[in-house]
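Let's take a walk through a protein model together.

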Amino acid sequence: QHLNDTGVTGSSTNNTLNPSNAVFVKLGSLSSACNLSGISGGEDGRFLILYNPTTNTFNDLTIKHDDSNATAANRIYTTTGADVVVDARGSVMFIYDAEADRWVVISVNP
């Protein structure tokens, strides 16, 4: 399923994405650079693709590594252990790991 998300807009510094039942989420137009601290709805083995369609190169999306601003089960592990930036027209793929109780970044395409 596809979801056009309007909740993550860049107006808040720490956002939690609610993808509902979608596998592909296209963010609404970011008004500024913003952080993604968490993603709700994690189930073991669930895949999620997130696309940042903005054309403004200043409106990047930063995926926060294990950020305490999100509930533990909604937090994200990056492959580097550091924050990851998704540039304009970039995408990121996640899988949920129930043993770690975290979303895990498996691919970033800036």
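Here is a tour that goes from the sheet to a few of its residues.

Before we set off, this is a predicted model, in which local features need pLDDT of at least 70 and side-chain atom pairs count only at pLDDT 80 or more, while totals for chains, interfaces and linings use all residues. Residues are numbered from 1 along each chain as its sequence is written, and side-chain values use heavy atoms, leaving out hydrogens and water.

Start with the sheet. It is an open one of 6 strands, in the order β1-β3-β5-β9-β10-β7, with mixed pairing. At the edges stand β1 (2–5) and β7, each with a single partner strand, so one side of each has no neighbour in the sheet. A strand here is a DSSP run of E with at least two residues, numbered from the N terminus, and two strands pair if DSSP finds at least two bridges between them.

Now look at β5, which covers residues 47–52. With strand β3 (residues 24–27), β5 pairs in the parallel sense over 3 bridges, and F24 stands opposite I49 in β5. With strand β9 (residues 90–97), β5 runs antiparallel, joined by 6 bridges. Here F47 stands opposite I95 in β9.

Which residues of β5 are on its covered face, and which on its uncovered one? L48, L50 and N52 make up the covered face, whereas F47, I49 and Y51 make up the uncovered one.

Together with V23 and I106, F47 makes a nonpolar surface patch of about 250 Å². Such patches are made of residues with over 30% relative accessible area and no salt bridge, with nonpolar side chains (Val, Leu, Ile, Met, Phe, Trp, Tyr) joined within 5 Å and like charges within 9 Å. The areas come from the Shrake-Rupley method with a 1.4 Å probe, and for residues only the protein chains shown count as cover.

Past β5, find N59, in the loop between β5 and β6 (61–63). Is N59 buried or exposed? At 7% relative accessibility, N59 counts as buried. Among the residues it touches are L30, S31 and N52, where contact means heavy atoms within 4.5 Å.

Next, some charges. Side chains of opposite charge can pair when their charged atoms come close. How many salt bridges does a search of the whole structure find? There are 2, a salt bridge being a side-chain nitrogen of Lys or Arg within 4 Å of a carboxyl oxygen of Asp or Glu.

One joins K64 and D83, whose closest N and O atoms are 2.7 Å apart. K64 sits in the loop between β6 and β7 (76–77) and D83 in the loop between β7 and β8 (84–86), 19 residues apart.

Another joins D66 and R102, with closest N and O atoms 2.9 Å apart. D66 lies in the loop between β6 and β7 and R102 in strand β10, so the pair ties together parts that are 36 residues apart in sequence. D66 is partly exposed at 27%, whereas R102 is buried at 10%.

Finish beside β10. A polar atom of the R102 side chain lies 3.0 Å from the backbone oxygen of A72. β7 pairs with β10 in the parallel sense over 2 bridges, and I76 stands opposite W103 in β10.

Note on methods
Polar contact = N/O pair within 3.5 Å; in protein donor to acceptor, adjacent residues only side chain to side chain. Helix = DSSP H or I, 4+ residues; strand = E, 2+ residues; numbered from the N terminus. Buried < 20%, exposed > 50% of the residue type's maximum accessible area, 1.4 Å probe, protein only. Lists of a residue's contacts leave out its neighbours within four places in sequence.
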